[in-house]
Amino acid sequence: MSEQLPDGVERRAFDGSERLATRGEPVYGEPTEGEWRAWNPNRSKLGAMLELGMDTSLDGGETVLYLGAASGTTVSHVADFAGPTYAVEFAARPARDLLEAAESRPRLFPLLKDARKPETYAHVVESDVDVLVQDVATRGQARVALENRRFLADGGQLLLAVKARSEDVTRDPDDVFADVREELEEGYEIVETERLEDYHTDHLGVVARPR
Ligand code: SAM
């Protein structure tokens, strides 16, 4: 099976082992080789989705809205290969590091906003974004994805990481994932799901398209 990676993402050798990599300034102490830096799938759900061969359909150059940017670990890799990348994070402390990651990335636009209130950033984010990436690890993950669907172009897609324990620590993750899937289907057609277990305990990766 030939591997589908976006333009700007390559497998490269770091200390003798092949790793996913993008070109940009390092952000989280990751190994570098020349202008390339390793993308650690244990620190990144989207990195794990790519490692697992999920069909993200990312080509490179897309407009991205990224929800739950934290200190910029994953979104910095995204901004290395994507087009304009709007990064929403509501916690001030990680957002400071996110601002630093954006300094060397002219296409990365940090927004200190609450992803449950898309109307507060609708005037900044261009409509018709190609890809909505979400990793908010908070209760109501399906609802956040549904409320931000308005930004997605018709042919766009959602790349979502669902953390079961953020919904309910006491329930079986499979039951939580079934409920999240059902709720998501109010606004999305689910294309693929895969447990990210090799890299992230009790997380589900979801690829979906707006209905
Ligand atoms: N995606 C990040 C990465 O791979 O580098 C890690 C994200 S961490 C698991 C989840 C982040 O979502 C936290 O930084 C948290 O503050 C943020 N978050 C949770 N709820 C949010 C909301 N309603 N709006 C914006 N950010 C939110």
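Let's start at the ligand: one of its nitrogen atoms is 2.8 Å from an N or O atom in the side chain of Asp-135. That is a polar contact, meaning a pair of N or O atoms within 3.5 Å. The protein covers 85% of the 610 Å² of accessible area that the ligand has on its own. Those areas come from the Shrake-Rupley method with a 1.4 Å probe.

A word on the model. It is predicted, so local features need pLDDT of at least 70 and side-chain atom pairs count only at pLDDT 80 or more, while totals for chains, interfaces and linings use all residues. Residues are numbered from 1 along each chain as its sequence is written, and side-chain values use heavy atoms, with hydrogens and water left out.

Back to the contacts. Gly-68 has a polar backbone atom 2.8 Å from a ligand nitrogen. For Phe-90, a backbone N or O atom lies 3.3 Å from a nitrogen of the ligand.

Who else is around? In total, 19 residues surround the ligand, each with a heavy atom within 4 Å of it. The closest are Tyr-66, Gly-68, Thr-74, Glu-89 and Ala-115.

Now the rings. How many aromatic pairs does a search of the whole structure find? Three. Rings of Phe, Tyr and Trp (its six-membered ring) pair if their centres lie within 6.5 Å; planes under 30 degrees apart are stacked, over 60 edge-to-face, and the rest tilted. Trp-39 and Phe-81 make a tilted pair, 6.1 Å centre to centre, with 35 degrees between the planes. These two residues are 42 residues apart, and their pair links distant parts of the chain.

Definitions and conventions: A polar contact is a pair of N or O atoms within 3.5 Å; within protein, one must be able to donate a hydrogen and the other to accept it, and residues adjacent in sequence count only if both atoms are side-chain atoms. Helices (H or I, at least four residues) and strands (E, at least two) are DSSP runs, numbered from the N terminus.
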